[in-house]
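Dear colleague,

My notes on what was found in it follow.

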Amino acid sequence: MFTHSAIASLNNLEMTVYHYVVKNRDKVMYMTIRELADAAGVSTTTVLRFCRKLNCEGYSEFRVRFKLYLEQDALPQANFGASEVISFFKSVNNDEFDSLLNKAADIILSSERIIFVGAGTSGALAKYGARFFSNIGKFSNHIDDPYFPVTNDMAKNALAIVLSVSGETEEILRFAGQFSLHHCKVLSITSHEQSSLAKLADFNLSWHIPPMRIPGGYDITTQIPVIYILESLGRKLAKKIA
C-alpha cells in the first residue's frame, strides 16, 4: 500500500499525514476524515489528496484498504521509531526501488572518482560510505567539511555522493552547488525527494523517515535507512565490478 513511489509523490503536508498514520496505526482506522485531519494538523482536502495518491478513491476506501493492510502485515507497534523503520523496509522491498539502486550503481561505476560528502552525523556516514566502497574495489574519498574548496581538477570525471537528512542544510546545498558548477555529477541521499538538495542533484535516493530533534537542536534521526542504502549500493557495485 505504502510503496516507495507513492510516498515519494507526497508533498510536505501529505507527508505529515503519512507520518501520523504510520505512528498511530491502531487509531487511524477508527477515525473520521475530520478527526485525522485535526490530529495531523492539516485540512480534510489534504487528507483526500493523500488518499488519492495511495490510489484510493476517497477516505472510506483508504480506511478499508488500510485495515486490510494491517491485517495482512500485522506490523508490531514499538518504541524509538521502530514502526517508521519497518515501514521504510517495506516500502523499498520491491523491484521499483531495486531498479533505482541499479541505476545509481551504474552512475557510480561509470565515474572515475567518488567523493562522499556530509556534515555532522551525515559526515560520519560519508566516511563510512567511502571506506565501504573502497573495500569493494571502488576507491572513494570523503569530505565532512562543507567549506572544503572544490576545484576543477578535483571534480573532473567525479561523482559527489551527498548525504543530508533534511536536504536543506545551507552549507551542504552551497557545497553541492559548487560541484555542479564544476560539472561534477551529484547523487544525493536524503529523507525526501522534494528537498532542495534532491532537486539540485542529478540523481536522488530518498528514505522518507521524519527528522527527529531534541532540545538544543540536536538531530537524532535514525540513520538505519542511509546505512542500508549505502551497503546495498556497495554490494550491487561489487557484483558489477566482479
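This is a predicted model: local features need pLDDT of at least 70, side-chain atom pairs count only at pLDDT 80 or more; totals for chains, interfaces and linings use all residues.

**Strand β5 and its surroundings**

Strand β5 runs parallel to strand β4 (residues 185–190), and 4 bridges join the two. Across this pairing, Leu-205 in β5 has Ile-189 opposite.

**Nonpolar cores**

Ile-189 also belongs to the largest nonpolar core, which holds 29 residues; together with Ile-108, Ile-161 and Ile-229, Ile-189 touches the most other members. Two or more residues of this core come from each of α7 (82–92), α8 (95–110), β1 (113–117), α9 (121–135), β3 (158–163), β4, β5 and α13 (224–241). Setting aside residues up to four places away in sequence, Ile-229 touches Phe-88, Phe-97, Leu-101, Ile-189, Leu-205 and Trp-207. There is also a second, separate core of 27 residues, with Ala-6, Val-28, Cys-51 and Tyr-59 among them.

**Packing of α2 and α5**

Helix α2 (residues 12–23) packs with helix α5 (residues 44–53) at an angle of about 75°, and their axes lie 9 Å apart. Because of that angle, α2 is roughly perpendicular to α5. Helix α2 contributes Leu-13, Glu-14, Val-17, Tyr-18 and Val-21 to the contact, while α5 contributes Thr-46, Val-47, Arg-49, Phe-50 and Lys-53. By type, the residues of this contact comprise 6 nonpolar, 1 polar and 3 charged.

Yours sincerely

Technical notes:
Residues are numbered from 1 along each chain as its sequence is written. Side-chain values use heavy atoms; hydrogens and water are left out. Axes are lines fitted to C-alpha atoms, for helices over the stretch in contact, and angles run from 0 to 180 degrees between N-to-C directions. Angles under 35 degrees count as roughly parallel, over 145 as roughly antiparallel, 65 to 115 as roughly perpendicular and the rest as oblique. Contact means heavy atoms within 4.5 Å. Ala, Val, Leu, Ile, Met, Phe, Trp, Tyr, Cys and Pro count as nonpolar, Asp, Glu, Lys and Arg as charged, and the others, Gly among them, as polar. Two strands pair if DSSP finds at least two bridges between them. A nonpolar core is a set of buried Ala, Val, Leu, Ile, Met, Phe, Trp, Tyr and Cys residues joined through side-chain atoms within 4.5 Å. Buried means under 20% relative accessible area, exposed over 50%, partly exposed in between (1.4 Å probe, protein chains only).
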